[in-house]
Amino acid sequence: MVPSVLSTGLAVLNISEGNRVTEFILLSFPCPREMRILLFAVFSLTYVLTLMGNGSIIWAVRLDQRLHTPMYILLANFSFLEICYTNTTVPNMLANFLSESKTISFTACFLQFYFFFSTGGTEIFFLSLMAFDRYLAICQPLHYPTIMTGRFCIKLVLLCWVTGFLCFPIPIYFMSQLPFCGPNVIDHFICDPGPLMALTCIHASGIELSFSIIPSLAIFLTFPFILGSYTLVFRAVLRVPSASGRKKAFSTCGSHLTVVSLFFGSVLVMYITPTSGHTATTQKIITLFYSVFTPLVNPLIYSLRNKEMKNALRKVQMSMKILPNK
C-alpha cells in the first residue's frame, strides 16, 4: 500500500539538513477520490451530529434548574470532554479526505498525539467519577448531599482534567526526541504511538512499553473500581421495594455501564497489548470506534433512557424554535 502511495508522489520526504523528518504524511484511508468524498460526507455528518448531541446535553443542563445536580453536572462536563476528544482527530481527518498532500507538521503531529491521549485519559477518570457519584447517591443516600456538594463535585472534575493531562507529556516528549529518518508516511488517520514508533531509526522498546504501561495502570486502577461501584449499586437497587424506583436506578446505571463497556472495551484491545501487535487496518478501525463512534452514541445512550434529560432536551428544542422568532 505504501509503495503505491510513494509512486504517486505523496510520500516525498521533507527532511532537514540533519536528516530529521520535519513533517509526516497521514495516509488515512487510501482510496479513489470519489470514495474519499463519500467518506468526507459521512464523517462530516457524524461530526456535526456529535457536536449537536453533546452540545444539547450541555445546554439542557444549563437551562433546566432541576438538572443542577452533581450527576448532571458530571454528565455536562463529560459531554464537553467528548467534544474536545472528537476535535483532536476528526477535523484533521476530514481535511485529509480532500487533501492531496495529507501532510501534518512534526509539531502538530505530536500536539495532536498529546491532546488525543490526554482527553482519552481524562475520559477514563470521568467514567470512574460518575460511577463513584452513582454509588454515593444509591448506596449512601442520607450522606450523599453532604458529601457530593457542588464545590466538592467541581474539585473532582478539575482533578480528572488535571490528572488526565499530566499522564502523557513525559513519554510523548521523549518519543518526539527520537530520530525519525524516514519514510515519513504514517499509515493511520491520527498520530498514534504504534505507527510513529515504526518510523523511528532506532528501536526504543522502553518508550513503546510506556505507552502500554500508562494506559494499563489507568485502566486497571479505574475499571475494577467502576465494576465494584456498580456491583454495590445493583445490590442496593435490588433491595429497593418500589418497582418504579428500581427501574429508574437500573435505567440510569445501565446507561453508564453501556458507555463504560463501549469505551473500555475498545481501549483495552488497543493499548493494553503492545502497539506493534496490531495491523494498520485493525488500529484504524478500533481508533475510529472509540474516537468517532462512541462520542456520537453517548448522548443517545444517556438521553433516551432518562426521562428528566428528555424533558430538558425538549426545552432546548423549544428555546431554539423561539430564538429565530425574536
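# Helix spans, burial and sulfur pairs

Student: How do you know that the length of helix α7 agrees with its number of residues?

Tutor: Helix α7 covers residues 150-166, which is 17 residues, and at 1.5 Å a residue it should span 24 Å. The expected span is 1.5 Å times one less than the number of residues. The end C-alpha atoms of α7 lie 25 Å apart, which agrees. A helix here is a DSSP run of H or I with at least four residues, a strand a run of E with at least two, both numbered from the N terminus. The model is predicted: local features need pLDDT of at least 70, side-chain atom pairs count only at pLDDT 80 or more, and totals for chains, interfaces and linings use all residues. Residues are numbered from 1 along each chain as its sequence is written, and side-chain values use heavy atoms, with hydrogens and water left out.

Student: What places the buried residues of α7 on the same side?

Tutor: The buried residues are Cys153, Leu156, Val157, Cys160, Trp161 and Gly164. They cover an arc of only 135° around the axis, which puts them on the same side of α7; the arc is that of the directions from the helix axis to the C-beta atoms. They pack against α3 (70-87) and α5 (106-139), with contact meaning heavy atoms within 4.5 Å. On the other side of α7, Arg151, Lys155, Leu158 and Leu166 are exposed.

Student: Why is Thr222 called buried?

Tutor: Buried means under 20% relative accessible area, exposed over 50%, and partly exposed in between (1.4 Å probe, protein chains only). Thr222 has 7% relative accessibility and therefore counts as buried. Thr222 is placed in helix α10 (residues 205-238). Leaving aside neighbours within four places in sequence, Thr222 is in contact with Ile124, Phe125, Ser128 and Phe264.

Student: Which backbone oxygen lies 2.6 Å from a polar atom of the side chain of Thr222?

Tutor: That oxygen belongs to Ala218.

Student: What makes Cys109 and Cys191 a disulfide?

Tutor: A disulfide is a pair of cysteine sulfur atoms within 2.5 Å. The sulfur atoms of Cys109 and Cys191 are 2.0 Å apart, so a disulfide joins these residues. The pair links distant parts of the chain, 82 residues apart: Cys109 is in helix α5, and Cys191 is in the loop between β3 (185-186) and α9 (193-197). The structure holds 1 disulfide.

Student: Why is the disulfide of Cys109 and Cys191 called left-handed?

Tutor: The torsion about the S-S bond is about -125°, so the disulfide is left-handed. Cys109 is buried at 0% relative accessibility, and Cys191 is buried at 1%.

Student: What shows that the buried residues of α8 line one face?

Tutor: In helix α8 (residues 169-176), Pro171, Ile172, Met175 and Ser176 are buried. Seen down the axis, they fall within an arc of 140°, so they line one face of the helix. These residues pack against α5, α9 and α10.

Technical notes:
A polar contact is a pair of N or O atoms within 3.5 Å; within protein, one must be able to donate a hydrogen and the other to accept it, and residues adjacent in sequence count only if both atoms are side-chain atoms.
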